[in-house]
Amino acid sequence: MYKARCIIQGLLFAVISLHLLVPIKISAQSSNRQVIRVVDGQQVAIEGVTVRSKFSGQYRTDSNGIALLHIQRFPDTLMLDAIGYDKTEVILTKLEPELKITLLVAKNLIQEVVINTGYETLTKEKLTGAVTSISAEQLSRRTGKGILDRINGLSDAVLFDRTKLQSENRSLGFNVRGVSSINGSQDPLIVLDNFPYEGDIDNINPNDIESVTFLKDAAAAAIWGTRAGNGVVVITSKRSAISGNRISAYTDWSTTMKPDLGSIMQMKSSDFIDVEQYLFDQGAFDNEINSLNMDPLSPALNVFLDTKNGVITKADSLKKISQLKEIDIREQYRRFMLRRMSNQQLGIDFGGGNNKYSYRIFGAYEKERGHLDEKFNKVNLNSSTLIKLGEKFDLNIGLLLTKSDRQSGAPQLSTLTVGRRNVPYLQLKTSEGEQIPLELAYRKSFTDTLYQGQLLDWGYYPLEDYHNDKSYTSAHNVTSNFTLNYSIWEFLGASVLFQHQFQSGEVENLADIDSYRARYTINMYTNPKAQTTAEMYPVPMGGIYERQYSNSEAFNVRANVTFAKSYGDHSTNLLMGGEARQHTYQSDKNTVYGYDHDLLTWSPVDYRNQYPSIISGALMSIPTGTSFSSITNRYLSFYANGIHTYKNYLHLSGSIRSDASNLFGVQTNQKWNPFWSIGAAFDLNRSGLLPKWSSTNLKLRGSYGVSGIVDQTKSAVPVVNYSSIHRLTGFLTAQINQFGNPDLRWEKIKTLNVGLDIDILSNFRARVDWYKKDGEDLFGPALVDYTAGLRSNVIVKNIANSINKGVDVNISLDKYLGSVRITPEVNISRNLSTTKSYYHSPGSRYSPSWGNTISPIVGKPLYSINSYRWAGLNPDNGDPQGFLNGKVSSEYRTIFNTLLSADSLVSHGSAMPTWFGNLYYGVKWKGVGVAFNLTYKLGYYIRASSISYNQLIMYGVGHSDYSDRWMKPGDEKQTNAPSFIYPNDDQRDTFYLLSEATVEKGDHIRFQFINLSYDLNDLIFKNAQFSSMQVYCNMDNLGVLWKSSKKVIDPDYDNVMRPGRSFVFGIKLKI
Amino acid sequence: MKKIQNIVMVCLIYFTVVSCQDFLDLKPDKTLVVPSKVKDLQAVLDNAVFMNERGASMGEASADDYYLNNSSYNSLRPIAQEVYTWQLKEYNYENDWAQYYDVIYFCNFVLENLKKIERTPANSREWNFTKGSALFFRAHSYLRLAWLFAPVYNSVSANDDMGVVLRNTTDFNVVQGRSTLKETYDTIIGDLRTAVDLLPEEPEHVMRASKRAAFGYLARAYLSMSEYDMALENAQLALQINDDLMDYNDPELVKIETTRPFAQFNKEVVFQKIISLYFFSNVAPQTLRVDSVLLSSYGEHDLRRNAFFRPASPEGYSYKGTYNGNLNNSFTGLANDELFLIVAECLARLDQVEDGMTMLNRLLINRWKEGYFVPYEAVRKEEAIEIILKERRKELVFRDLRWMDLKRLNLEGRNIVLRRKINDNVFELHPNDKRYALPIPTDIVSDKIQQNRY
């Protein structure tokens, strides 16, 4: 229904914009078709030549150097333009069978590449800052659904880790030149078509994107002010074509194999059952077995208990246990739950125009069925129109619609438990193919006899339940923008930009009467002794329906004045303006009981009174599931940006920006944060200082500036947060959730960048940047005397300064070897942040780290792996040992409490790759293309997972290291895994897991993808209606080629499911 | 053209100058407030999750009303095992100390902000109530902390003994040291005395503070200081307002044979406080086993035996007698039965033996099966005290009072020796051992905050 509605809306929109804005005419008069072929001096086809006809629009040559022109009138003049070649004009007087045009290599190269900073577009030659730009062509090297999938592994300075790095303040899973902020948002700012993008980044369709630009240093990014501290990613949609008409379309199908469960370091089922047996004999489960809570017991424990109580014989017991030892839940899960993921996408893109107006419309549809049978589909529609309103005005109108729907699928492996315990030998289906219900909350032997027949089934059927307990998420996004440019005089222009973004989202959770959740909830409140149905079922029979509706709205208004003038050897470009922005988010949530989705009936419940639990008799309230939220953030900014050029070879730039927001608890005069940058670029060739090498271009760049990060959640004064009415007292309640800190300051990042651009013969390019970023007043967790009463022993405050040094190198080649075109590209990035100073509260202890929090050790990496010093296992009992006052010791708590100096810990090194990048290699011959990409991450450490006996005993979470544990004297020579002891000491586990023994090198090289493509146009479709057609196939995620650690299977996926390989097949068409 | 230029310029100027302030003064999140009204502060004190539901388990875990069988002992964390045998030396966040100081922060926050709000005739009732409540909750926490972490109050040495940290600011950058025990108790008494004058006689709900509760806590404080005349006076003042007792014979009030015999907020409750999180799960009602000597001291027709305890598997008895109505959370607040016992004990100690026994019998008639209770009689003062103390222990079992009782009773020479047996090892805690002041957390010990000396 939603889909249909959306498609209709889309079509309507498309038709309206076509009729209102552009009197379109897709002409295809075959009589005037002129084929041209563009080659270089060696008769090799040149791709990407812009062919501008005087009367008949603009074209580009394909990979065979061919362009198909629709000539409107003779004689016509064709202007051919390609980077690295001289501009050429050809006069066409009549139709030719195939016109061959030869271009000569240019003597002096002029690059026409422009960079969009989100505020203005600059030619690359004037740029003083460090940027990396990824073109549409580069984006199409990879396949993948979202824009992030396409840029992953193809750019310098950008480090992806969508598994480990992801957290609440790192939701995008990548960073640009390392992480600067510590506690605020660590995500780079995403800018889509000039304005910050507040939506789900996966909703941006990569096929709709012209370029992605990473603004890496201060000169490039400072114009974004308080939000630029983590780098800025400027995404620009494809825009209206200048003239002529074109249509292109694509479609692809992809499938991803089932994830690899072998990377989950699960304990062997037989080992696990042996442990259960031992603990059972020790009486470790006595309390649980006898508890009134009726916690469910694992299958093996039930066998042991039955044997002990004489319910089954010893022989039966042994047989049952040996059967259980054969089962591996991973294998069950893979067989019965997981499926191949399939994805299908299609899209169409058409545009055209003339010198008065131009337009572009893009529409795309995507459908996916995931590994767990979750479903997703998405529709994108993007339209942009440029209208010239006379000589001085032009107007740009854009409208972007996105609609996505998601339906939840089968449960995650980790949720398949017995009570609170994981069981590695859990069986989902019997050998006869019958489903086995899981006991999630209470013992089956107990629930089976409880008010027999009066209650609903207590069993959880994981293979089926998700059909009855579904979550639907739908999101609707409408973004409209208007840009009005007005040139007052030749040198003075003004523009007003307006953008409105509206997103509505709906999350529906529907657990129907057959679902475990509904059955469980109804049972819990049932009163079997009641007389009436209403009294018997305080939670009425029927489904439970939760619905959350949210909407987010962002307004942006920006006004700019631009100034551009040359006088003699000097020329100046200036941009000044102001911007206001408001982002509101509102949501409300509601729950209905007794719901029938077919009849839309429901039943009221009593939230006020408490009802006894059928299990324990404890009084419980029925959860209301009602909440409201309303958040409004406002920002105001003023900025100026200028470039002064002297004699075409020296460029000086400067920018300044001031931001304010409605941050809570801050006086208005403290809300303004000024940021600035300066930069210079020097073109060695044009300056004449260097001997004129025939075709080498050298440009030196340098910049310095300050940007910042504002954290909206921090406050200088304590702030009280109202919660809802207390259900028992009826009083309004509140809690203090921001402890006032009078010393609060904003995090600042000062960046120095020096860069060199080299171009040789237009086909070899290198870009090298060296940078140093100083982070000041970074927020970090500081230990606090909790006698202060902050509900934590840690408080986040300005605590550290950091230095981040790095190098980004990008080298690419585009060369013909005979008729073979090779396009290798290498990215090498070096990045290392170190702690420069750290406020360490006196007397507080140092503690080891997992690498995800800032390290207090000065001079060592900011994100580093620090460990307890390891003295091996005790040869007598297999206890892990550390050092206490220089002596080998197993007094763990005393060791923890005596770590009073930084050198009492071992600092291994950075937890973030200090060297990373990729190697891309593309080869093309006569339309046949092969390309592959390798990525690498080097020079870092990870903390490997290992066995925690506390986790094993409490939650059934084991680890395959258990098989390697210390068992007898002498084992300590081969293993670091401690012996299994009971009673266990959780501090012993903590010590081992955070010691040197579990640290591994993370270095690895990954085979990211290989891509095969074939351009068919030349051969078969010469006379057909479309000018080019490409088929391609892509294999992605091909695994780790090399890794340093022997122990860890995949450093990015330690002890978690590893995604499977995916295969994509697709077609692209152009007319 | 000129006109359009003007419009553009006017827009820009407007944009730059006007309404920056208004635009930026909007509150980002509607649920946030910088507290400016009494209502905002009272809402903080009404947050029962922090104020009423975080009691400590450390004292009860150190006391002698329970034991652990070997398998329970083995399943405990090392610090819980150590507290059982009084061997605990080092432990860190998170702990009972922190829980009480969280409450103290809330109270200080309320008191600091209340100073900025003027008391007017219109708001004086709310203003007084909120101030009285904050003082009450703070004093309550200090008293609990003193019972756990300081030695018993001894008027001779109280000026030299270390008390607890008395926080008087919400600024977390300020570290404050430990006060003397005298200062600690002076603060507690002072706060409660001020609160008495500010609070209403009866609370709107027992989660809130009241005059009755403040008198009751004064009585508790004085009792632990062995100042019996003051304890008597305050306990009587509290009972003057309300002296309701539940008759355990009434099946509407007490469902003796069930697993939840008592209702939450029943009519004996003066002030609600429970333990919801056991840092020392030794004394979680389902884990502990009731001391067998204590168990056998209940008479055959004493209804408390079946109301408070249930047979556990594989052996022993566990506890179910909490006044909270939920088996998993022990009630550690104040109830009228305790006030009766304080009055009885103090009367006996002040040589009013007969009155003391009358008070005790008034309570116990409600605890025995109807028709079976034979009122206690005593002639000599010491005899009466013995009877009352025995009944005190039986009535107030697992109310987190035993540890304080042990301290004060040993001080007057009652010579109670505690013993634990693990496998074949026996641990003993002798009267007036330094370990009766439990160690404060290791990770807050500094030059300013000193550990107890052992």
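Good morning. I begin with A:V51, which stands opposite A:Y59 in strand 3 of chain A. This is a predicted model, in which local features need pLDDT of at least 70, side-chain atom pairs count only at pLDDT 80 or more, and totals for chains, interfaces and linings use all residues. Residues are numbered from 1 along each chain as its sequence is written, chains are lettered from A and ligands numbered from 1 in the order written, and side-chain values use heavy atoms, without hydrogens and water.

Strand 2 (residues 50–53) of chain A runs antiparallel to strand 3 of chain A, and four bridges join them. Strands here are DSSP runs of E with at least two residues, numbered from the N terminus, and two of them pair if DSSP finds at least two bridges between them. In chain A, four strands form an open antiparallel sheet in the order 3-2-5-6. Strand 3 (57–60) and strand 6 (88–92) of chain A each have a single partner strand, so one side of each lacks a neighbour in the sheet.

I turn now to aromatic pairs. Rings of Phe, Tyr and Trp (its six-membered ring) pair if their centres lie within 6.5 Å; planes under 30 degrees apart count as stacked, over 60 as edge-to-face and the rest as tilted. Over all chains, the count comes to 55 aromatic pairs. The rings of A:W253 and A:F1065 are stacked, because their centres are 6.0 Å apart and their planes stand at 20 degrees. A:W253 lies in strand 17 and A:F1065 in strand 54 of chain A, so this pair ties together parts 812 residues apart in sequence.
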